[in-house]
Amino acid sequence: MVEKGRGFQIFGHILMGTLLICALAPFILLIMSSLTDEQTLITNGYSFFPAKFSTYAYDYLLRKSGSVLRGYGISVVVTTIGTVCNLLITTLYAYPLSRKELPGRNIFAFYLFFTMLFSGGLVPSYLMWTQTFHIRNTIFALLIPNLLMSAFNVIMMRTYFTANIPDAVVEAARVDGANEFKILFRIVLPMALPIIATISLLVGLAYWNDWMNGLYYVNDDKMFSIQVLLMNIQRDLDQLRQQAQQGGNVNTADLPSTSVRMALTVMGVLPIMIIYPFMQKYFVKGIAIGAVKG
Amino acid sequence: MKKFRKTMKRFWPLYLMFIPGAVFLFINSYIPMFGIQIAFRQYNARDGIYGSPWCGLSNFEFLFRTKDAFVMVRNTLLYNMVFIVLGTVLAVAVAIILNEIRNKKAKQLYQTVILIPFLISMVIVSYLAFAFLSSNNGYINNSLLKALGREPIDWYNSPKYWPFILVVINIWKGLGYNMILYYATICGIDGTLYEAAVVDGATRWQRICHVTLPGLKSTIIILTLMALGGIFRSDFGLFYQVPQNSGPLISVTQTIDTYVYRGLMQTNNIGMSSAAGVYQSVVGFILVVSANLAVRKFDSDSSLF
């Protein structure tokens, strides 16, 4: 029995170890190629063990490329402002939904749920944002559409409030004469820090990773976040490749070289990789809560 | 009226709290819902969504007369079905094996690392895929195929490989997430059931089959039903950004979402694009509602309504 158990443990570790390598390998290839000498990259291709190392790509990004620093700045600003606003709106909607004695709360709950069931789709949204609200090439384009509030997170937070904030606590505060805003911000929120942390991480990740709003609403390179910048570089390359296939003259001089593109990609995932190990617990918790209560 | 005033006097701050969210939902979700009428109009920019002349169902007629309509619906449905079946089987298997591993630190490490691909954007994924698949200097052509003495493959112009590539990428990115969903459920299974099984002399395999899998059954059913509710939607990034919008691949990468985007932004065919969007919204709505009704029948705590 013991022998058999050990055999299974070894099998389990081999299998999970393989998955671990599969999950990490692309990132290692990415980091290695960002550190490869450009000429070596052209002749030998992407490699886990480059023949010649070089930090040229990172020097180039730090020294010459203002657009990268700018993109970083925009990503940081959008992620910070977006996460704070989103959390505020989400909390303000979730809290009254958790108050059982509030008349008509089911109407507000349905108003929220229905947006998860039916959507107008891209075409009407696009026309509304660009023609009615004129958000093209403004910071609002990266902040507002689809990202400012997620019905899913509101439900998650409401469920947490319902399960973890005893009615008696709220009632006692009310009897003591605290107004509803004071009750929410002074009493309820301090009791809800784990869910606040979890939702902030999920929202922050969504903002940092977003490139679709950039694809739809931004074409001015002064407003490119780091993800939108990466997306646009690839798009330019696609167009060049198509021109080349049609036998046209191709000028790649204006585009960043392969190793620089890889270094840029590394920069795009770096903040996530730095923060993730410390916050892993909250990510896992967030995903697990989402499963139990969609 | 008196009652209303009394209610407002007591609860107005709580109603006030709904306002920012309600306004956002109204603009972001409800106005576009009214905007779907564009699919029934002959759109022109001068008259806008609400002023262009009506044209009945002609946009839909044009759409369904093209071959595109069949291809995009087929691709959306088939990819989703493969993602659901393979994704669930692998995630459940990995969650069970992870649960059987005794070393706590190793367990934690595996769980942490396997979730990493879930955290990055599809744009980054497309760069990672390009590092492997680039025809000139990609890892597969330059290192693997060369070492095997095989001819390089022009990946971005060869549609036959892409169903496989897209499935692999989808599994790679989503496995950690799906596994955590099931692993969390396994952790919630009553430990005394395992103790009883051990006392009864159950082998590992018997414990998995008679305790773990039955414990996972309801989570598997609920998540699968929810996924079936979303079977008419696709991840735009996976089907547009990862294949790098490559023309020769369209027959195997076109989904409803990429068609709507291309119609709107590239071929400037707003009529057919909005018709495809409405088709997706309506069928999607029916599917999501049915899925939730099915979930509610099965376990009323897990459904949305």
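Visitor: What are the ground rules for numbering and confidence here?
Guide: Residues count from 1 along each chain as its sequence is written, while chains are lettered from A and ligands numbered from 1 in the order in which they are written. In this predicted model, local features need pLDDT of at least 70, side-chain atom pairs count only at pLDDT 80 or more, and totals for chains, interfaces and linings use all residues.

Visitor: What pLDDT does chain B average?
Guide: Chain B averages 92, and 99% of its residues score at least 70. pLDDT is the predictor's confidence in each residue, from 0 to 100.

Visitor: And what does the predictor give the complex?
Guide: An ipTM of 0.92 and a pTM of 0.92.

Visitor: How many residues of chain B are in contact with chain A?
Guide: 77, and they meet 76 residues of chain A. Contact means C-beta atoms, placed from the backbone, within 7 Å.

Visitor: Which helix of chain B gives the most to that side?
Guide: Helix α1 (residues 2-34) of chain B, with 16 residues. Helices are DSSP runs (H or I, at least four residues), numbered from the N terminus.

Visitor: What is that side made of, by class?
Guide: On chain B it has 51 nonpolar, 23 polar and three charged residues. Nonpolar means Ala, Val, Leu, Ile, Met, Phe, Trp, Tyr, Cys and Pro; charged means Asp, Glu, Lys and Arg; the others, Gly among them, are polar.

Visitor: Staying in chain B, how do α3 and α14 cross?
Guide: Helix α3 (residues 58-65) and helix α14 (residues 270-298) of chain B have axes that come within 8 Å and cross at roughly 85 degrees. Axes are lines fitted to C-alpha atoms, for helices over the stretch in contact, with angles from 0 to 180 degrees between N-to-C directions. α3(B) and α14(B) are therefore roughly perpendicular, a label for 65 to 115 degrees.

Visitor: Which residues meet there?
Guide: From α3(B), B:Asn59, B:Phe60, B:Phe62 and B:Leu63. From α14(B), B:Gly271, B:Met272, B:Ser274, B:Ala275 and B:Ala276. This contact has six nonpolar, three polar and no charged residues.

Visitor: New topic. Where is A:Ser150?
Guide: A:Ser150 is in the loop between α7 (139-143) and α8 (151-164) of chain A.

Visitor: Why does A:Ser150 count as partly exposed?
Guide: Because A:Ser150 has 19 C-beta neighbours inside 10 Å. Buried needs 20 or more other C-beta atoms within 10 Å, exposed 12 or fewer, and partly exposed lies in between.

Technical notes: Two residues are in contact if their C-beta atoms, placed from the backbone, lie within 7 Å. Helices (H or I, at least four residues) and strands (E, at least two) are DSSP runs, numbered from the N terminus. Angles under 35 degrees count as roughly parallel, over 145 as roughly antiparallel, 65 to 115 as roughly perpendicular and the rest as oblique.
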